[in-house]
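Please read it alongside the model.

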Amino acid sequence: MTRLAFLWDQSRCISCGACIAACNAANYGSSTAPNVSWNWLRTNIRRIELSNGPRPMLYLLQCQHCENPPCVTVCPTGASYRDRDGLVKINYDLCIGCRYCMVACPYDARWFNESMWAPVKCMGEECQARIAKGEQPVCVAVCPAGARGFGDLDDPGSSISRRLAESRYVKLLDNMGTRPKYFVVVGP
Amino acid sequence: MRRRLALASAAALLIAGAVLAWMGYAGRSAEEIPWGLLVPGYVFFALMATGSSIVNSIYTVFGYRGPNGEYEKIIKLGVWFSLITIVPAWIMILLDLRSPLSATNIFIHTQGGLSLFFQYRSGITWMATLYALFALTLLVELVYFIRSEASERLRSMKSAELAIALAVLVVTVVLDSNLGQVFGNVAAVPAWYGPHMALYFIASAIVIGATGQALFISAFAGGLGVREFVARYYSRILMIGLPVLAFIKGWMAISAWYNPASWEAYSLILSSPNFYIFEIGLLLLVPFLLATFAYYKRSLAMALLAAALVVVAGFVDKYDLIIEPQTAHISYSLGGWAGVGSIHYAPAPSQMEIAIGSVLAYAALLVLGVLLLPLKPGERPRTLYIFK
Amino acid sequence: MIPVSHLKINRRDLVKLGVTVGLASALGAPIVKLVMSQSAQREVAAPSGARYIPIFCSACGSKCGLYFVRNGDAMYILPNPSHPQPGMCARPAAAVQMWGHPLRLRKPLKRVGQRGEGKFQEVDWDTALNEAAAKLKEVADRYGPQAIAFTRHDHLSWHLPLIASLMGTPNVIGHEGTCHDASTAARQAVLGAGGPPAVDPDYANLNYLILVGRNLDAAMGSVRALARAREAGAKIVVVDPRAPNIAFSSVEWIPIVPGTDAAFLLSMINVIIGEGLYDAAFLKGYTNAPMLIKPDGSPLTQSDLGLQGSAYLVFDAAANGVKPLGSAADPALDYEGDVETPSGPVHVKTAFRLLAERAAKYPPDKAAQITGVPADTITRIAREFATRRGVVEDGWYAAKNGNEFDVYRSILILNALVGNIDKRGGLCFQEPAKFPNSCTPGADRIDTILGASLPPLKAKRVDLLKYPLAVSSFDALLDAVLTGQPYPIKALIIVGTAPFHRDVNTGKLKEALRRLDLVITIDIFPQDHVDWSDYVFPDLMFLERSEVSPAPWTLDAAVVYSNKVLDPPPGVDARHALWTLLELVRRAWPDKAALIGYTDKYADYSQFERYEDLMFGKILDYLSKAWNISREELEAALKTRGFYLFKKKSYGAKPYKSKLSTPTGLVEIYSLTALKYGLDPLPDWTPPPAYSQPKAPNEFYLVTGKDQNVSGHFVFTYDSKHLTDRCVWVNPDDAERLGVGDGDVVTLEGIDNGFTAKACVKVTNRVRPGVLFTYAFAGGHASALVDGGYDFLRSGVNPQWFAKGYVAPVIGTAGTNSAVRVRL
């Protein structure tokens, strides 16, 4: 079986913004239209800064490609689905734009593309095309700090599996039972 | 002549509403939250339609006719009201989708050949199914009542009548509870999550449905000689329903306080003066007092005032309940530390156009129904099977 | 000969398989045919079917190696992982937004209103060029060619000396006075080295890194190299009043009081000397620490003793007497004593002893009071640094408090104290790429890359006359405009730089811009100064031109190349700034232009590519000869791979195998250069002269800087609207005390110049108490040409508005920090 997953290393991320802007460039044609849902760019990655604790901290948030995704459960047309490699995808031929998936996602990982009248999220089309040919998603390819990883959890030799074996990590909202596949590394 | 004028005005209003709604549809844009004005708008009318139907089941299933059989005089008007009130809900929700016809994807997939589909885990699949059943059963009931005026045989088939009425009641109750749980099953929004939404929506439906229907029926109450009945019947429903509603809502608020994630949303609701004016004052307290007064003093004016307040405040209540938890969504959903702040949402003009257009069309259809269908006592179907 | 490829693949990242496999197979066939025009050969097909074209980035000055990717309709930027200095950050990721930006300057503009009003009419290129050229000629005829000045940033920095020399003016004055002027002066004085890339930590192999006022927001190749060191357990310490973006990762952030870095560093020196943690052998053998210094601060020389020669002297413990520097068997490091001279005994101390005495002014307790850093933290960092043989980064964009010359000398001294100069994992000299200059001044002529020679320049550059140790100091140019001293400057050509966001005396800048006879601007976006220009010429952005350059920010010797990948979008009649400048020269002085072969056949812009190729050819000729490699191979590698690696860094070169370009040829702990110019030969801490110290509870330091979300170009993009905040950062305790919340609007008033502006507050733990921070170059854009959906450019403040305008004597470094009062 293949279970594709993402890794983000909070201890290495330097908040350079390359992944956020590159997702916009590769998947959304460098669009300068606003992302009204997030009050952000048209990109699949959100940046959340924690500014009140003893030290500055950052979270980068995107679709967690959950193994138990609430967005798939609530979709009335089957447009949201899990593909055989474990990625959560959207079939835009079926999507009716009801936005139940947007409401149901506890990570708020979907944003609304008003020209398609449908929700949008990681992975965009360009990244899907890239991984189909064995390349990395754009956010992983651009990261200069070695803070991102992607690959098959079921392959013990994959870079993500090896890295997780050497890291301490957390998963977001683990208690909600979504079984997310976005691993936040907090240290070696 | 008057009838022709009325028909023409209704038709004009219908067209005006359709045009306005279409303008809104053409000009729509992305909103800050996934479910904006059109969703509470749709919920409101769905509750009014189903709720009024539940109220009518007091006659159709449980046989209550009123002290002097008054209910029998207004039942067809009531059933028509229930049926047509679902239309603005449908208009709003269908115009909120990618295209109104795209909703067929819920059941029919055309890629790679025609196939049927049913995602039983999705609350929206069930909504679509139940609305279809609701419309079907209610239509059958209306036609049954209309044809009963012309057919003695139909009038005598009491068990058939009961079966239909029971089907309507079951469908509406299931529909209301499902509608509530479309929200209540979403663990991602702690302020909604829980089984209480089903009960809250049923109680809200009864109250909103009763008051909506009361306002509609009151236009004919004088002519039909049922003023006192209308005043007392709907007031009594409020006298029972409003305390129940308050009870459920009270526990919802208390329970939310115990969950900081829910409280984030509820505090947004509770910190607005809107809440105290509308959801406490004009939805619960004042209408309860007015309804009690109307019941004992047999005052139609008081009853209608209470009804009007409940209709308006009932919408505000649903609006706040659906909108505010979405604006608090991300802030707590990541565990309370994200602090991204709440989102400010205000309906866009295009959404308001769709909503107002739907309401105008709805009013027109209500009037057209009264003009074209034999809904008043003594009227009989003469043309096209069911028309006057 | 197969080009040496330099594969820097992050070993964790199996990603590159697609790209490198694609490249390797595409380049398997040796390329021998000479290719001058833009052909599909430089596009490499990757397994996904996408085409990858090598470019380098010019969204900041680092020239990180990238690919421009085309996959069907998709166009985006990826790093070039095999490049000697691969990218990337958010800035090139927004390149297509920069390219298609609605605010791009589209046509030549001619001013119709007053300077500063921003009222223009669009004119055709010929009209604008002819008029501007005529006015330039008029200025030169009346005041002499030296009355024409240029100011620039990194763009065209290689070409402008040629253009200026053609015109006959020395006055190309860049941005360095508000950037790396101080650290470069320190590198020059202590190491005999040049600008920031000339000396850099060996990021990939270091063990312990201290960043002082350096946030590594560029170059991204350095960040990649550092990531490898982190995997091996390296520690990073960030000393900064505010937490830069790197502080989100696992670093130790030391929130220091602004302007007190030198006290911190001298305290570290104090601990290291006091605890004997220094590398005595290195200090004795490769620095001037053993030099004997007289009470007046000048070094003891042979002539002082009445001997022949003028060599500096040390005390040789083996011989128990003084010996010339470099010839003692065992030079004493920490020594003081009397030396007999013809005029009596002179009491001398070694430079090392003087350094120790200087550092003794800052024991950790005292330094803690000045810097706000706890004494035990200072002690611990000093010990960690010394025992782990760390490296302190030598400085880039750091013109903040006016006292930076001493900060960066202290840093270089610290690196020398632990002997970590030009060693693996230490502070290393870049291998020179032997890249030619566009022109080289000689005794009686100026040689140019094109082969022709030009007459020598008579005048001296105005800023160097005032600030002899500066790289450049723009403030002196403004003085020349306003006072006519040392000679009048009457025309200013502003190329790809943003004076209003860059320079520290806004009032003076406006006055000078009013006073000039002629102001010409070449740029891509409506920066503030555009409104003050007489003629505005739209330039190409970096995706629209090809470029070659020595590779900065890598210790290896390499040259990098960027392919042109796009034409300007429809409606944007932008042209290469070099063409604009050469046309101005040709139309004003056709004979001068003809000297370098630039004739009227290039008046047709479509022909300019040939001249570009001509210049490129000369550079290729030079490099192929200098490195003894085939010109064809070099050219092919540059166009298809984006770089050519000449020589990998070999450690232990300077000052071990060859001398430094310092007066002693050694690392100058005790700077004779500083002494010569009347400055303190040892660093010290002085309270920052650039602003008055904040005292009242509502007075704050306003510090400024960048991160990867800031550059003069990037801030214009839609991406920047969300990625760059234009607020003023306030510490949560200060915010509570002042009664402000996140998002509130306050008024800032410059304590030194009284300037007021409104600013939005961001309450954050990223800044220490008593300090406010706002990004430079980001907020407060004022051009009338900024409109529509880009009004966010006007929000925020330009921190330069509050700067006093301080420029340090001799060095010419300016202070961009300021002090402000906060009013609600």
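A residue counts as buried if 20 or more other C-beta atoms lie within 10 Å of its own, as exposed if 12 or fewer do, and as partly exposed in between; C-beta atoms are placed from the backbone. The model is predicted: local features need pLDDT of at least 70, side-chain atom pairs count only at pLDDT 80 or more, and totals for chains, interfaces and linings use all residues. Residues are numbered from 1 along each chain as its sequence is written, while chains are lettered from A and ligands numbered from 1 in the order in which they are written.

**A strand in chain C**

Helices (H or I, at least four residues) and strands (E, at least two) are DSSP runs, numbered from the N terminus. Strand E10 of chain C spans residues 208–212, and five of its five residues are buried. Both faces of E10(C) are covered. C:Tyr208, C:Ile210 and C:Val212 lie on one side, with C:Leu209 and C:Leu211 on the other.

Two strands pair if DSSP finds at least two bridges between them.

| Partner strand | Bridges | Sense | Bridge partners |
|---|---|---|---|
| E18(C), residues 391–392 | two | parallel | C:Ile210 and C:Val392 |

E10(C), helix H7 (residues 220–231) of chain C and E11(C) form a right-handed β-α-β unit. Right-handed means that, with the strands pointing away from the viewer, the path from the first strand over the helix to the second runs clockwise.

**Chain contacts**

Two residues are in contact if their C-beta atoms, placed from the backbone, lie within 7 Å. Two pairs of chains are in contact, and chains A and C share the most contacts. Their contact takes 43 residues from chain A and 48 residues from chain C. On the chain A side, H1(A) gives the most, with seven residues. That side divides into 21 nonpolar, 15 polar and seven charged residues. Here Ala, Val, Leu, Ile, Met, Phe, Trp, Tyr, Cys and Pro count as nonpolar, Asp, Glu, Lys and Arg as charged, and the others, Gly among them, as polar. Chains B and C do not touch; their nearest C-alpha atoms are 10 Å apart.

**A helix pair in chain B**

Axes are lines fitted to C-alpha atoms, for helices over the stretch in contact, and angles run from 0 to 180 degrees between N-to-C directions. The axes of H8(B) (residues 227–257) and H10(B) (residues 273–297) come within 8 Å and cross at roughly 145°. Residues in this contact include B:Leu238 and B:Leu242 of H8(B) and B:Phe288 of H10(B). The contact residues divide into twelve nonpolar, two polar and two charged.
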